[in-house]
Amino acid sequence: MPASPVPAKSANDRTVSFRPTFVFIEVFGCEGGIQSYIQDVLDAYRHLPFEAADVFLLRDGPESLPGLAEQAFRFHCFKSAGAMQSRVKLTLALLGHLLWQRPSHVFCGHINLAAMVRQLCGGLRLPYTVLTYGKEVWYPLPPRERRALAQASHIWTISRYSRDLACQANQLNPKKISLLPCVVDGDRFTPGPAQPSLRQRYGLTDTDRVLMTVARLWSGDIYKGVDVTIRALDAIAAIFPSVKYLVIGRGDDQPRLAQLAQELGVADRVIFAGFVPTEDLVNHYRLADGYVMPSKEGFGIVYLEAMACGVPVIAGDDDGSADPLQDGRLGWQVPHRDPEAVAAACIDLLKGEDARCDGKWLRQEALNHFGSEALARQLGRLIEAFKSADRSV
């Protein structure tokens with residue numbers, strides 16, 4: 001689990017006033033946005049003065065658990081040879097746990113587990129919360145999953161945008177939805193000089209102005225806006241002739257994007273870096289003068305990563321990035337399919353005259369609102385509020 005700047009609570013520091021159970025599909029066995037988010041939530045919980053929690057994991061095995069001995073959690077793993085076998089084992093074990101342990105609250109970490117959690121908790125009159133992340137709840141859900149959300153005591157989601165889309169698609173009461181946003185690891189993502197070896201790898205000179213995007217290059221994810229930024233490059237180059245565009249990520253859409261750059265005569269400005277491991281991303285952010293992704297995000301953790309590295313950012317103007325960008329206070333928001341607007345914002349950013357280009361200030365504001373301590377504070381506030389509400393039911 002990620003390191004945190006505040007010390008974890010020891011067993012002696014914990015109270016017995018709140019004893020939750022968490023239920024997740026997979027947290028430690030693979031990488032992904034949901035997995036990283038859940039790890040951050042669990043890390044925040046272990047720094048709060050509540051009783052140790054039970055964590056049920058459908059697809060994680062004991063070998064994938066964090067090596068650190070956790071006083072805050074008791075992990076229960078149900079990874080089996082078959083998916084159905086794993087699900088049956090988890091369901092039966094969770095039922096027994098709920099019957100005998102009667103936890104204070106159950107937190108369901110994915111919509112695909114929500115119907116099962118609703119059925120078990122409903123029969124035992126136990127309150128439960130469903131954690132949602134993004135696209136999985138933006139569209140009309142099957143009746144069982146929709147009932148699970150409607151009957152939940154509470155719903156958590158990562159941004160106002162995700163909340164609004166989920167409510168519209170599934171007729172949810174927005175008053176029962178609370179925000180628990182993504183956070184950035186300020187110890188991992190820090191400002192620093194660009195590595196000469198990386199500049200050499202990508203053919204960058206000291207005078208090049210570098211725009212960067214980190215995104216999946218999948219044909220189903222063209223909303224990320226890489227093609228829009230490529231279309232904007234010619235106009236940007238008219239003002240900044242040395243501009244280069246570093247695209248980090250892989251996927252089946254890369255050939256189309258490369259062909260587009262060739263057709264527009266900007267292929268010499270676009271650098272496809274391919275996949276970059278998470279631990280190497282910070283050095284790539286340090287290459288950039290600006291991070292540009294005019295997208296449709298549920299939140300957009302990459303914007304926080306860039307800002308934590310002191311890099312100014314450009315995002316879309318109608319998505320969840322409004323939260324990390326604080327409605328444009330920390331970065332540029334542009335129509336996500338408008339190359340002219342993207343070009344104008346990039347030119348403004350590269351001029352460096354706007355307050356949103358102050359890297360030290362950007363980092364401070366990003367961490368103040370979306371650092372690990374901020375997540376722990378918000379999680380603590382939500383649990384305290386939920387404890388009061390659950391007692392009144």
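Contact here means heavy atoms within 4.5 Å. The model is predicted: local features need pLDDT of at least 70, side-chain atom pairs count only at pLDDT 80 or more, and totals for chains, interfaces and linings use all residues. Residues are numbered from 1 along each chain as its sequence is written, and side-chain values use heavy atoms, with hydrogens and water left out.

Leu379 is in contact with Val41, Ala44, Tyr45, Leu48, Trp156 and Leu180, leaving aside neighbours within four places in sequence. A second, separate core of 33 residues includes Phe56, Val106, Leu113 and Leu124. The largest nonpolar core has 68 residues. Leu379 is among those with the most contacts inside this largest core, as are Leu42 and Tyr202. A nonpolar core is a set of buried Ala, Val, Leu, Ile, Met, Phe, Trp, Tyr and Cys residues joined through side-chain atoms within 4.5 Å. Buried means under 20% relative accessible area, exposed over 50%, partly exposed in between (1.4 Å probe, protein chains only).

**Cysteines**

A disulfide is a pair of cysteine sulfur atoms within 2.5 Å. By this rule the count is 0.

**Glu365**

Glu365 is found in helix α12, residues 359-370. Helices (H or I, at least four residues) are DSSP runs, numbered from the N terminus. Glu365 counts as buried because its relative accessibility is 11%. Not counting residues up to four places away in sequence, Glu365 touches Gln326, Arg329 and Leu330.

Definitions and conventions. Helix = DSSP H or I, 4+ residues; strand = E, 2+ residues; numbered from the N terminus.
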